[in-house]
Amino acid sequence: MGMKPMIKKYLYFDQKDYDLLDIVHNVLSQQDLLKSFRDLLHPYLNPHGIAEMAAPQSFRIAHAMINLLHSLEIGKADDRLRALHSLHQEVMNISHGFLRRNTARVLLQIMKELVRKEGEPEQQLGLAHDFRMAASGKPRIIRRELLRYHLLEMPEEWNQIAFDDHVHDANTKGRKTPTHLIMDAWIKGIRRLTVVYYNYVPPEAAAELLDAGAIMGITIRIGVSFGAQFRRRNIRFIWVPRVFADCRDFLSFLEDPHVQSFMGEGHQVSDYQRNHVLALLREFNGRHRLAINDTFGIDLEELDPKCFLSFVAGGQASILHLGECIHSRLLPLLQIRMKSLRTRYPQAMPEERLEIEELAKKIQELDSEAIVDRYLIPEQNPSLPDPNVYHDGVDIPPLLRLTPRELVERLDKLHAGYRICLNLNDLSVEDVLEILYDCKGMITHLEIFNLKDHVNGKTTHYPQISKLQLALNEGNVVTLKRLIREMIQRLEVSSCPDRQDRIEKMTEILRNIPVLQAQYRIVPLKASIGSDSTGRSHRHYGMGLILAETLTWRAQKAVRRTMYPTVFTAPVRMTAYLRTTFIPDPVTGEKWLRRLVRILPGLERLGKQRRQDWQVLEDATRMAIPGNIIPLGGLHGEGGNDLYLENKEPPKEAGGAWKYLNSGVKNATKVVIGFIPAFLTFALTKDWWLLAYCGAFIWFGITGLRNILQSVLGGGGIRRSPLLRWNDYVSWGRLCDSLLFTGFSVPLLDYLVKTVVLDRMLGITTATNTTLLYTIMALTNGLYLSSHNAFRGLPRGAILGNFFRSVLSIPLAVAFNAAIYGLLFEAGMPGINEILQKWAAVISKAASDCVAGVIEGLADRYENMRERARDYHAKLSQLFDAYARLELLFPEADVLAMLESPKKFIQTISAEAQDLERIIIINALDLLYFWMYQPRSRNLLKGKIRNMSEEECQIFIRSQDILQREREVSQLFVNGIIGKNFSRGLAFYLNRYREYLSSIKEMALENKHVLKTRMSSIQTDSFV
């Protein structure tokens, strides 16, 4: 653009963007830095606690994301789980907006991209800025980023029916570790996930998966895919054992000797399948590799089987792994070859150009999936046995020889609670009916829709199978008989070799329809829907599906208008009903006023919590058009190697110049844009110099003062922490947005409404009809406020609230007008009505902002109180949990008495439970930080202590006394609990803990008085 780099640097991006980028570079390049900040991922460190003194929140998120994504190289499952827990806590507490969960999803997605774009500084800088802007939680920004990353907006109630009954992780043929998979599922909005393993379940993978699901609040089911022999073919079942209390209960199930023996047989099957893949590798080295070299003019060396197994790592070797491993060796050679073609192409003759273009096209298309399709599938390797077709041999594992009936009977004996899902890949409706009949009702689910099969065109037979399922569940004899007779007719004209045997089988089933119906009379045959996603394919949909009706209306609109055809509606219909639950107040004994108000019609549920969820009719899911199931993954793209004769530049994002403008420049621009119409309106329409030249400044001063006061009052007002200044509470970005929009209200209210419409056209002034003047101006202002609130994407409650705030300002504006009139009259000013008419818009504005200051200040206060409630709930739960663990650890000791002496307490537990000592100190430090720094924390803690029982209050107070042990607490800082930069946190602790302990003990004394008063009141009531 011809702009000098230095000027461009100051105009675009913020210094904090560069700082965040430096942090990411440092963490990625220094393993020691990762270790030094490892304790920042401690699960008991609250994001709003003492960790804030160690590093900015963006750093902690970047650090946790890098730990998670790079944990295959630098860590273990425990490291990944700690990183996931830290990530979830940080992003869920970074935004205070009403799109809190959606903001967290966007932040995780952007940070993923930021870490992955290492080596591309320009793109990383843009992502760093996107991350910081998204952290504000502004609705328009969040929705723009959701659309950019093809993420659907989820309801903040988090009640969407989003699921996937068939996905894979890195322990089979997937790309992602269990923790990474769960994080990505949460980003997509998935709430239920079935992860499928082949032939056996690795206990360590199951533990990581279930723990990760518990952290993110995702319901996890673990399935095992087994093969069985049916009419000389290998068909597959997914067995999902269920009814477990928690992760440890499931791991205990895996340790059962019978289960271990069965899983051992599964290991044999996996070893057999690995040997087949290695044989395929030898076939590729000996034949296909030479063909590739000849076609593309390269020299691909033989692939070492050891290198391939190292590439597979902890997964189960598959042709997908083999295709990717070959592609990883092939791609550098193809890049060199394409570079030489680019050099030759401009000077080549027309015929040679055509040859080069054809070769370039083949190079572009030869990705890992093309390698699988062209060289690794059974049809391309006839010399090797097809693993999907049964064949005799001593090397066939016993488990792979079982019939469907034999397999499900063995599975039935392992665990009482289970679901067995039949995979319908390459199965006809005749096959499904026969298998269901033979298995005698032990098959509980049919995978009636598989996204991978849909993309591959293998679902043409699914509608017929869905009809069969529906007929069985409805108990419709007529339909079932007709379907079976149609099957017999198709078999009679078919050319399959076992035609006669199959006709006899269908005839037997036809004669025993009551037996077939009895299998599913009590428990219907349910449907399973999955993506079969591995995270490796560019041609298939990613994981996740959602019931369209459970999306927000904005997301449904985006699917119809913006994201189609990337996202489509699957031909599957699920039936669900919205259920509303009203939960009573969590306090015993309601106040008499509330009970009285609830007698009035329409107010019966006043004060009750309203929750909504969806009730799914599981046995009603079926194939149908139109469907209502939408994939969450979308298509990754067209695939290929991204190698072209002409380098393709990525499309530039619309609005990038404004989007990446420096925040200071952007805020100043907003203020100027808003100030211009305000100043011009006053300057051109007023003849009094004060209004003409100072009116805009007065108008902006009212708005600015209102924003500052509401922020300060919302954060604590005059009773705020002495460590915080008034401007620590002010959001300058929000202030600039208010000034931008308030500037355009001047020509609207002062000139168009007050002067043109009311004065000149209708003759309404402060002299003729004061109340009507301020009423019309207030309503106009309310409509304007609601309009720009809707434009900014604020919730409906804020839009309506800003309209009614203007209504409430009408009597206040009339009162202001009367008061000013009285003052001017007492001062003996002439032409009072004329003066008031000139200042009417300013008076209306002042009244509106007074009401807004109170309402929005209360809203800020409520938001801060809600945030502190979450923080204190988490901390106090951890504190009482630690106390309960101490009680169990020392069953014969008086733990409460132990807490009375911090020195004796530490000496006692140091030998038995050092981790509990660490947890109690961390909790105390976080609570100290809340008290001193977080808005409204003191009010909240006072309320919490007031509602505690005497025993709970003693536990809380005595646990905080551990802060008196300066040596032990200081040593924890030195050991790196908040990283290497501990000096600020240590100084804060040493300077402030005495003041904190004194304050909470005073509150405890007050609480004792409250408890005594409460008890005496109860005794008096009982006596009466």
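Arginine 706 counts as buried in this predicted model, at 11% relative accessibility, and its side chain forms a salt bridge with aspartate 849, in which the closest N and O atoms are 3.4 Å apart. This pair links distant parts of the chain, since arginine 706 lies in helix α29 (residues 689–715) and aspartate 849 in helix α34 (residues 840–889), 143 residues apart. Aspartate 849 is buried as well, with a relative accessible area of 4%.

Aspartate 849 also meets the side chain of lysine 845 in a salt bridge, with an N to O distance of 3.4 Å. Lysine 845 and aspartate 849 are four residues apart in helix α34, so about one helical turn separates them. Lysine 845, at 8% relative accessibility, counts as buried.

A further salt bridge joins arginine 967 to glutamate 968, the closest N and O atoms being 3.3 Å apart. Here arginine 967 counts as exposed, at 64% relative accessibility, whereas glutamate 968 is buried, with a relative accessible area of 13%.

| Salt bridge | Closest N and O atoms |
|---|---|
| Arginine 706 and aspartate 849 | 3.4 Å |
| Arginine 967 and glutamate 968 | 3.3 Å |

Salt bridges also connect into a network, which links Arg231, Arg233, Asp431, Glu434, Asp498, Asp501 and Arg502. Over the whole structure, the search finds 46 salt bridges.

Terms used: Residues numbered from 1 in each chain as written. Predicted model: local features only at pLDDT ≥ 70, side-chain atom pairs only at ≥ 80, totals over all residues. Heavy atoms only, no water. Salt bridge = Lys/Arg side-chain N within 4 Å of Asp/Glu carboxyl O. Helix = DSSP H or I, 4+ residues; strand = E, 2+ residues; numbered from the N terminus. Buried < 20%, exposed > 50% of the residue type's maximum accessible area, 1.4 Å probe, protein only.
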